[in-house]
Amino acid sequence: MMGFNMLADLTNKGRIGLLLFLAILISLPFWSSSYIISVATITLYLAILGQSWNLMLGFAGLLSLGHALFVGVSAYLAAYLFSVLGLPPVIGIFPAVLLAILMGMLIGYLGFRFSIGGVYFALLTIAFAELVRISVDHMAVIGGTEGLFLQVSEGDRKGVDLINLRGHPWMFYYLAMVLAFLTLAGCRSLLKSKLGYYWQAIRDDQDAAQALGINVFRYKMYAVIYSSGIAGVAGVFYAFYQNSLFPESVFGIERSIEVSLGPIVGGVGSLFGPVLGAFILTPLGEGLTELIDFLKSSGIIDPKSKLNGLKLLIWGLVVALIVLFKPRGIWPWLNDKLGFCRKESD
Amino acid sequence: MLKVQDVDLYYGDAQALEDINLHVEEGEIIAIVGANGAGKTSMIKAIAGIHTPSKGSITFRDNDITRLQSSAICELGIGQVAEGRQIFPAMTVRENLEMGAVIKRARAKETETLDRVFEMYPILKERQTQAAGTLSGGEQQMLAIGRCLMGQPDLIMFDEPSLGLAPAIVQEVFRTIHQLNDAGLTIILVEQNVAVSLKLANRAYVLENGRMTLEGSGEELLHDDRVRQAYMGL
């Protein structure tokens, strides 16, 4: 498979870097705490979603601010099929991802058929995500505002059951890792394929691409299909990792924005940027939460003080600094300094 | 070869073209002259399928192309060199050229066409691995023309090909257009450089406020008082 030629893009330095990174990731459960593993799992999950989002904006120039929609419909459908009909997620993932793709195609069709571009396309994605969030609020069959829960028995936490996605936190951690790397390999081969070049042409100058006979409608649709499909896979993972789904916490616009922050910080349009962004933002956010808890419990700051919004505030600050000083993101800048990658497409 | 009949084009409520009639025969060079905002670019976009007329029809070699998608129109053999060159700056020169050959009719002979383009413009061969954004204005225009040729069109529409170029390069561009015509290509030339384009053209149309107001051979229009006054400052 082409995607696994990733090593060919890397300099020797980059290969060593990647190996070290992989070694740390793979060995992590053996020397860290269960808390760190849960943070790392969410980090990898967001790395998958960041790549999915980057595929649309970074590759094809389509701004989505409704990615939570694709994650959410897939998560809800897979969870519903499992909890009500007993259909294991290994099968349920197919209709779930298909539903996410159909949502993407619907938005794409409306947006591209009627030439809704740029920020108006983003508004369309927000509108659909909100529409579905409010609808799910009122759908009693999947719990409405009360939420949809997956049964977890004591034994589930110990074994490894990939068919039903029940098991030890380590299982979810390694599964997220495999999915994140498969996504990376997939995105790489897409970017290096003809499709990747068509996307680049459309992103850089849509009129010129159209003048050359590139079927802009079709290739934009492909971008949405791949992106929503990946988000759908992540959605199934999310449902079975969290075991509880609420309309607000699944479809809320905060979720969609959270997905976009990683790639923006890491580097929109690059392959490794979204992964790097996730590994910067998630641990930073969690670290802050921990720090605040620690400071509260040790009495350095008043335990009653309300600092709930601090994480978001710091994230906002980080994003603002990145946009101001490294608008292309951290990865392109880091790569220039360290020379990990032979030729990362911008 | 190409026939535009009674075409109206609107952008929202604003009318850009009104009752346009135009025909192009195989092997001709047609010039379309007119002031800024007269509708020249709109006409090219209507023919290319980027905008759809609200009335009238456009036929190309017995195919009704009025409502076809732009990619399908390219497949039939209509290419364009758009205003402002519109190259992809981050791609290499070579990749830009390959982008020109994405349509089916061009794929089979891609390598041969590429050789021909390199023969025509050796500088593009020299710079093929360079990012296109680093080329000079004149080289970018060569690239835009070369990229259009990669699609193996039979009819090329040039939109303001001399815009923003140094005089020596403008001459080079017009020479190229002449050579392409000699080689059998049909040309529609939209130009602000009225004197040169009328000299080059077999026939020409004058466009004013979205309407065709004059039509004639290049020679006739060149000596028409109205044209001389309005567009050549004579």
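Begin in chain B by selecting helix α7(B), whose buried residues are Glu139(B), Gln140(B), Gln141(B), Met142(B), Leu143(B), Ala144(B), Ile145(B), Gly146(B), Arg147(B), Cys148(B), Leu149(B) and Met150(B). Bear in mind throughout that this is a predicted model. Because twelve of the 14 residues of α7(B) are buried, this helix is largely enclosed by the rest of the structure. A buried residue here is one that has 20 or more other C-beta atoms within 10 Å of its own.

With α7(B) still selected, look at the C-alpha atoms at the ends of the helix, residues 137-150, which are 20 Å apart; at 1.5 Å a residue the helix should span 20 Å, so the two values agree. Then step past the helix to Gln152(B), which follows α7(B) and has a positive phi, near 50°.

Next, select the open sheet of chain B, where four strands lie in the order β2-β1-β4-β5 with antiparallel pairing. The strands at its edges are β2 (14-24) and β5 (63-64) of chain B, each of which pairs on one side only. Helix α1 of chain B, residues 40-48, packs on this sheet and touches β1, β2 and β4 of chain B, while its direction makes about 70° with that of β2(B).

Now follow strand β1(B) and its two partners. Which strand do five bridges join to β1 (residues 2-11) of chain B? It is β4 of chain B, residues 55-60, and the two strands run antiparallel. To see individual pairs, select Val4(B), whose bridge partner in β4(B) is Ile58(B), and then Gln5(B), whose bridge partner in β4(B) is Ser57(B).

Towards β2(B), seven bridges join that strand to β1(B), and these two strands likewise run antiparallel. Here Tyr10(B) stands opposite Gln15(B) in β2(B).

Finally, display both chains and select the contact between them, to which chain A gives 14 residues and chain B gives 21 residues. On the side of chain A that touches chain B, the elements giving two or more residues are α8 (194-204) and α9 (206-211) of chain A. Colouring that side of chain A by class will show six nonpolar, four polar and four charged residues.

Methods
Residues are numbered from 1 along each chain as its sequence is written. Chains are lettered from A and ligands numbered from 1 in the order in which they are written. This is a predicted model: local features need pLDDT of at least 70, side-chain atom pairs count only at pLDDT 80 or more; totals for chains, interfaces and linings use all residues. Two residues are in contact if their C-beta atoms, placed from the backbone, lie within 7 Å. Ala, Val, Leu, Ile, Met, Phe, Trp, Tyr, Cys and Pro count as nonpolar, Asp, Glu, Lys and Arg as charged, and the others, Gly among them, as polar. Two strands pair if DSSP finds at least two bridges between them. Axes are lines fitted to C-alpha atoms, for helices over the stretch in contact, and angles run from 0 to 180 degrees between N-to-C directions. The expected span of a helix is 1.5 Å times one less than its number of residues.
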